[in-house]
Amino acid sequence: MPVRPTGALGKGLLGIYLTALVLLPVAALLAKSSSGGTSAFWRAISSPEAVAAIKLTLIATAIVVVVNAVFGTLIAWMLVRDEFRGKGVVNSMIDLPFALPTIVAGVVLLALYGKDSPVGVNVAFTRVAVGVALLFVTLPFVVRSVQPVLHELDLSMEEAAASLGARSGTVLRRIVLPSLAPAIISGVALSFARAVGEFGSLVLITGNLPFKTEVGSVYIFGQIENDSLPAAAAVSVVLLAAALVVLGVLSLASRRLSRHVQ
Amino acid sequence: MAIEVRNVGKRFGDFVALDDVSISVGDGALTALLGPSGSGKSTLLRIIAGLEAPDTGEVVIGGEDVTRAPARTRGVGFVFQHYAPFKHMTVHDNVAFGLSVRRRPKDEIGTRVKELLGLVRLDGLAERYPSQLSGGQLQRMALARALAVQPQVLLLDEPFGALDAQVRAELREWLRRLHDEIHVTTVFVTHDQEEAMEVAEQIVVMNDGRIEQTGSPRHLYESPANEFVMSFIGPVNRLGDAFLRPHDIQILPEADGTGTEALVVRVVHLGFEVRVELKLHDGRDIWAQVTREEAQQLELSEGQILTVRLPAPRVFSA
Amino acid sequence: MSNSGQNTVTISPAPSGRLAQSAAGDAERAAERAARARRLTVRTIALGYLALLLLAPVAMIFYRTFEHGLAPVWDAIAAPNAQHAFWLSLEVVAIAVPLNTAFGIGMALLLERGHFRGKGLLGLLIDLPFAISPVVVGLSLVLVYGKTGWFGDWLSEQGIQIIFSVPGIVLATAFVSLPFVVRETIPVLRELGTDAEQAAETLGASGWQTFWRVTLPGIRWGVVYGVVLTTARALGEFGAVSIVSGRIEGQTQTLPLYVQDRFENFDSTGAYTAAVVLALLAMATLLLMNLLTRRTRGRMAT
């Protein structure tokens, strides 16, 4: 018998909370975006500035998740297979982008890689800045996704392959990476969803220059400030749909792959 | 408190766990529900406890219809196969749980817990945590916990299944003695026929959601109602439709015209008993059970040809 | 191995003898060296990447904050708007986190122990905050609770102000930090199993008693970890709160909003000081996460 502190009352309260907090707002979003009919929707998302912003967001995100896939896996590898003093501290630091407010990340990246950069690197107001900020905020996802899988990976598989004469490059390619693929993919999916909507860290360092460094979320913000709510809602729906589609497709892929690997 | 189960049925989706099952457990009896996995014995036990509700039928405990009553009002003590300890509480608090839930005064609880820990021989371990106990100790704690609230009925679901053979044997005997001492109506579930035979006064043999036979261990062994019961309880030889008990097969020291010829294929010495695998004249394989002395007297060896007298076989009409 | 023309395979043993053994030894040592070289390469690349991306920025905040000495920092901390922002952030967290915790535990119980269809959809709804941009969160809340929103008229009639006021900030914060307690509680709930709860039931405990005395203690570390994650997320929320609060100085400005405000007003010490406070809170979070990792299931501790 399911044990729950409250029966119908509890379910009701949970339902109200979820509805008031998530369901209604999302419904309102969808409603607003289509409030002017499909033509208004289309116009809103095909305005040159909107298109530029969405394009920048998607392309930057795509590049960033690939970089994450590579470096995230490397970092996870180091954390699981390597031993050195201070590894525990490094392991804790991985979650920093998650714990740090995005605006602080932005301030800090600007201080480091902006106008008064102590290392002489100034990428403020450039597209590179978009990439750097996104790399920062999405750092933990692939690492944390791959770590437990790598940890559990049966070393005897690799040893068996080695005893059969496989060189370590081959072992990596044909044994290890396929086993990690589902985890990498699901980490990538989470990175994508996070990056596509990122706002706080970009607001300062990119300068939000339309057609140059303005990302989707900043564009939406602008539209809200200008009280063009239907347009803001329309572009919001596009970004949300992109995140959901990618999450859906990739988690399906990840699950299908892991069925074979298990 | 006597237990009456009348025409109980239970399905899980398409799977029929219990099909029109009725049993009677007398007040103070020690009964076993015996059967293979999937026979419905655990489901039946849980229905008696109130942890599952039957689709059809009634459950009556102590004359009261408790079919729709929740578990907490039935006054049943339940012991799980994997002990179900409250891991974050000490042994003392575990045993005291039922009493503290009823808001009994602290000193009353203290005395009762001490008494029970003595009964199950866990004194001195009151402040330990479950993670520090062995399997046998955990199960004894679980028993003390169940007994703390003076249940009318004690139900045990494969209580010794997760324990080592040695511990299992000890606890079996210990359960029997405990029952002698406190006389609570006890029903336990097991798939181990030896355990059922050794501990229970009455055995209910179940298979595929139905009751095959009910009776004392001796009765079931000597007068099985059907092939299932005969095969499940005690060792058996099957020759077509006929069933023979291995130790009823007599190995004659010399041919005397009344027996059949058989070839000794293998002799296995299992301590006090000896298992003799034989091949009959017509090619069929059976095995006989003899004592060590008999085996020595007959000088059994592989390849030997001797005469066996087969008992009257038991045949069950389909 | 040699394979003669027929269907037989002969296996010749590997060359033995002292010469062969030292050759095998050499090969082994070479392989070991190669493995070590690979490990060091990976370590260098990974640590280098992390240093550039994580370490340097964090070091920067502290440097920039205390660059001009301690006095400006004290002044910055004492500024009334800074004080207000700090306490407002804490207030919002103090409301949003317990709400999400209660929701999280209830939802976890429902999803894990309940029997009903649509669990997948419910799970999706709960995970939605991971896929929505904070800006979109703010927008959607305005569309429901704002003056021109769905409940706008009704709310003004009742005299309740949500948008541009603290309740709105709480809603936005709760929205973005919704999933954590649920996600962290479900696996520990699963691992706990139902046996102990059923035992409690047979011992006479009511639903509530079972929950408080058996279930909750059994899942507490998962819940605590979830609460830590929720708090971190709630404290740091920027985008959604930015839209929903109106960023009114001294009234609806949370600490992250205050950082941006100081920055835009060229008060770099003020901005960095507030940033340092948030960074310190973030590090405290990391510490807690690390300590709790060993207690919870399914998490990695090196």
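Select chain A and chain C together: in this predicted model, the two bury about 7600 Å² between them, 81% of it on carbon and sulfur atoms. Buried area is the accessible area (1.4 Å probe) that two parts lose on being put together, summed over both. With both chains still selected, 87 residues of chain A are in contact with 82 residues of chain C, where contact means heavy atoms within 4.5 Å.

Residues are numbered from 1 along each chain as its sequence is written, while chains are lettered from A, and ligands numbered from 1, in the order in which they are written. Local features need pLDDT of at least 70 and side-chain atom pairs count only at pLDDT 80 or more, whereas totals for chains, interfaces and linings use all residues; side-chain values use heavy atoms, with hydrogens and water left out.

Next, display A:Asp82 and C:Arg43, whose side chains form a salt bridge at 2.7 Å, N to O. The term denotes a side-chain nitrogen of Lys or Arg within 4 Å of a carboxyl oxygen of Asp or Glu. Between chain A and chain C the count is 2 salt bridges.

Now select helix 1 (residues 8–33) of chain A and helix 4 (residues 119–127) of chain C, which pack at an angle of about 70 degrees with their axes 10 Å apart. The two helices are therefore roughly perpendicular, a label for angles of 65 to 115 degrees. Helices are DSSP runs (H or I, at least four residues), numbered from the N terminus; axes are lines fitted to C-alpha atoms over the stretch in contact, and angles run from 0 to 180 degrees between N-to-C directions. Show the side chains here: A:Leu18, A:Val22 and A:Leu23 meet C:Leu122, C:Leu125 and C:Ile126.

C:Phe103, C:Met107, C:Leu110 and C:Leu111 of helix 3 make the contact with C:Lys119, C:Leu122 and C:Ile126 of helix 4.

Finally, select chain B with chain C. Here 21 residues of chain B are in contact with 17 residues of chain C, and the buried area is about 1700 Å², of which carbon and sulfur atoms give 61%. In chain B, highlight B:Arg72, B:His88 and B:Phe97, which lose the most area to chain C, together 31% of what that side buries. Across this interface, 0 salt bridges are found.

How values were computed:
Parallel < 35°, antiparallel > 145°, perpendicular 65-115°, else oblique.
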